[in-house]
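Work through the exercises below with the sequence and the model at hand, and try each task before you read its solution.

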Amino acid sequence: MADFTGKNVLVLGGSRGIGAAIVRRFATGGAKLAFTYAGSKEAAQALATETGTEAIHTDSVDRDAVIKTVASRGALDVIVINAGIGIIGDPLTLEPDAIDRMIDVNVRSPYHAAVEAARKMNDNGRIIVIGSVNGDRMPFAGGAAYALTKSAVQGMVRGLARDFGARGITVNSVQPGPTDSDMNPADGPMAGLMHSFMAIKRHARGGEVAELTAFLAGPHGAMITGSMQTIDGGFGA
Ligand code: NDP
């Protein structure tokens with residue numbers, strides 16, 4: 001189990017779901033950790049108390065607020081950019097402002113957060129963006145805009161890996177498939193359809209995604225960069 005004792009870690013979007021599992025994993029490993037939240041104040045405060053971490057209100061729609069929060073954490077060892085929203089539906093009727101908001105949260109803020117983190121990041125630091133297997137495969141209708149955001153993460157990760165590699169900083173994306181959370185409950189209406197695309201026909205647990213994230217952030221991840229690490233039960237196979 002990777003040890004993060006004394007490591008300065010920031011998780012963007014840590015109050016619920018996969019992000020909360022990542023907070024728990026790094027906190028258990030001894031990290032000095034802060035995480036952001038936007039809408040879930042009570043859940044964030046409860047998690048901060050449970051894990052001995054710090055919850056910071058920062059809405060990822062607000063690019064400048066995100067940059068400010070990242071800058072306020074000083075020299076980071078690890079940033080995990082998890083905050084994301086998923087809007088699925090008929091592109092002919094979806095609200096354009098809602099789509100743009102998703103692009104802000106899933107693409108615009110992750111890019112600026114990653115760059116800001118790299119300014120002061122310690123050598124051999126880690127930048128990890130939670131993407132999605134939908135960046136590779138979108139096997140049902142209604143997911144074009146969401147898939148667009150997760151494909152954008154792939155280009156960002158490949159490019160930034162080149163920009164920061166000389167300092168030993170790695171930049172990767174963890175790409176979950178269906179994972180049990182408020183966004184995608186294991187017993188939700190889409191679960192059967194999703195499982196039909198998978199080799200292992202169940203939702204992942206947040207803790208499984210967190211463990212892969214911790215591997216990338218730990219010492220064994222030093223030569224993994226510019227890559228997409230997919231954890232999807234074969235959804236994309
Ligand atoms: P949830 O909806 O369960 O949780 C989303 C988390 O992101 C919450 O902590 C939420 O905080 C935070 N968040 C959302 N919007 C904002 C915002 N504007 N500012 C700050 N924080 C925000 O989603 P998941 O845990 O399922 O998803 C986490 C990531 O994993 C996302 O990037 C998602 O795209 C990706 N993913 C998820 C999959 C799944 O099947 N669950 C599959 C593939 C990828 P708050 O409530 O405080 O606003």
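**Exercise 1.** Where is the place of His203, and is His203 buried or exposed?

*Solution.* This is a predicted model, in which local features need pLDDT of at least 70 and side-chain atom pairs count only at pLDDT 80 or more, while totals for chains, interfaces and linings use all residues. Residues are numbered from 1 along each chain as its sequence is written, and side-chain values use heavy atoms, with hydrogens and water left out.

Begin with the position: His203 sits in the loop between α6 (191-196) and α7 (206-217), where helices are DSSP runs (H or I, at least four residues) numbered from the N terminus. Next, take the relative accessible area of His203, which is 6%; buried means under 20%, exposed over 50% and partly exposed in between, with a 1.4 Å probe and protein chains only, so His203 is buried.

**Exercise 2.** Which side chain meets the side chain of Arg202 in a salt bridge?

*Solution.* A salt bridge requires a side-chain nitrogen of Lys or Arg within 4 Å of a carboxyl oxygen of Asp or Glu. The partner of Arg202 is Glu208, at 2.9 Å from N to O. Now consider accessibility: Arg202 counts as partly exposed because its value is 35%, and Glu208, at 25%, is likewise partly exposed. Finally, widen the view, and you find Arg202, Arg205 and Glu208 linked in a network of salt bridges.

**Exercise 3.** How many salt bridges does the structure hold?

*Solution.* The structure holds nine, including one between the side chains of Asp64 and Arg63, at 3.0 Å from N to O.

Note on methods
Helices (H or I, at least four residues) and strands (E, at least two) are DSSP runs, numbered from the N terminus.
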